[in-house]
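Please work through each one with the sequence and the structure at hand.

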Amino acid sequence: MSNPVPRAVRRPAHRTAAVAALAVLTLVLAGCGGGAPGGAAGSGGGAAAPSSSGAGVGLPAGTPGQGKPAVTVGDKDFSEAFLIGDLYEQALKAKGYTVNLKANVGGSEVIDSAFKAGQIDVYPEYTGEILSSVAGDQGRTTSAEETWQKAKAFEEANRGATLLPQTPFQDIDVVIVKPEFASAHNLKAIGDLKNVGPAGQGVSWAAQPPDKTRYAGLVGMQQAYGLTNVAFVGVDVGVTYSALDTGTVNSADAFSTDGQLTTDKYTVLDDPEHIMGFQHVAPVVKQSVLAAQGPEFAQTLNWVDSLLTQQAILQMNAAIQLNHVDPATVAQKFLAANGLQS
């Protein structure tokens, strides 16, 4: 997931950069399509949407939330989570619901604890994170649909909750290189790194130290792609891009929705073996809350999530991470561009 940016240290952008970023957002956010790096796996053109998808959902009419009990929305501790929390809050409020936003709750384990304790009623979470970090299931799944189904079953069996349909976008680890390096070695997918040369003379990969022993990291690169030529370089979070930019390494770990990937400075290598797993976002919501709020509550959240294509989330993250526009402002622009009237 996108690099942590504490909500408490949001700073106003330089006026010129902010205005330019918002102008771009207004032009591109309505109807942004997919097809960017890290998009939903296994979603062929023209195929029917899986049961886990909210594709085609409409926004409920009127203000069905008026008179319903207040609901508390939580979000996690990094910029992309702030954005999605703001999207949920603003859309629900526009439909008349009384919403309290509990922002920057913490990582997956922390926000799950807050959910169990009744401090929040709904929050956006990555399906793979539910399985690995919350359920403690370290097994591999073979598709986004299977991951969502298993995460949903866990929430229903253990939390008195459920998962609503997942987003078109996902935020997974990706391997990036410089475009000129990709061209020189004919690199399209992770397995093509075998073209570079033997260890010590070929591939050097910057990633956080735990990635050295994770299947969704160096182990998967070795086992699934047969890469024995990768020299691992452990770096702190947020340093991978600079390690690549300065030539300290020739490849690096990144997240598929990083704002930096909207530039032409990096090439994302495909992962046909899906060693990085599946990390679409779905609302975790208490079943009692769904019953109390009525069907339009879920419909509103499903409408928001159905809009979150890979291209849309990349553009919004770029505005937040590169141009320092406040996530709440980005959320408002996005919802307005897609027809929400506040």
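**Exercise 1.** Determine which residues Lys95 touches, not counting residues up to four places away in sequence.

*Solution.* Step 1: with contact taken as heavy atoms within 4.5 Å, Lys95 touches Leu59, Pro60, Ala61, Gly62, Thr63, Pro64, Gly65, Gln66, Thr300 and Leu340. Step 2: Lys95 is placed in the loop between α2 and β2; helices (H or I, at least four residues) and strands (E, at least two) are DSSP runs, numbered from the N terminus. Step 3: Lys95 is buried but has no salt bridge, and Glu296, the nearest side chain of opposite charge, is 10 Å away. Here buried means under 20% relative accessible area, exposed over 50%, and partly exposed in between (1.4 Å probe, protein chains only). A salt bridge requires a side-chain nitrogen of Lys or Arg within 4 Å of a carboxyl oxygen of Asp or Glu. For charge, Lys and Arg count as positive and Asp and Glu as negative, while His and the chain ends are not counted.

The model is predicted: local features need pLDDT of at least 70, side-chain atom pairs count only at pLDDT 80 or more, and totals for chains, interfaces and linings use all residues. Residues are numbered from 1 along each chain as its sequence is written, and side-chain values use heavy atoms, with hydrogens and water left out.

**Exercise 2.** Describe the surroundings of strand β1 (residues 71-74) and its pairing with strand β2 (residues 99-102).

*Solution.* Step 3: Thr72 has Asn100 as its bridge partner in β2. Step 4: from β1 the chain passes through helix α2 (residues 79-94) to β2, a right-handed β-α-β crossover. Right-handed means that, with the strands pointing away from the viewer, the path from the first strand over the helix to the second runs clockwise.

**Exercise 3.** Is Val235 buried or exposed?

*Solution.* Step 1: Val235 lies in the loop between β7 (230-234) and α8 (240-245). Step 2: Val235 counts as buried because its relative accessibility is 12%. Step 3: beyond four places in sequence, Val235 touches Ala206, Ala207, Gln208, Pro209 and Thr240. Step 4: the C-alpha atoms of Val235 and Pro209 are 6.5 Å apart, although 26 residues separate them along the chain.

Definitions and conventions. Pairing = 2+ DSSP bridges.
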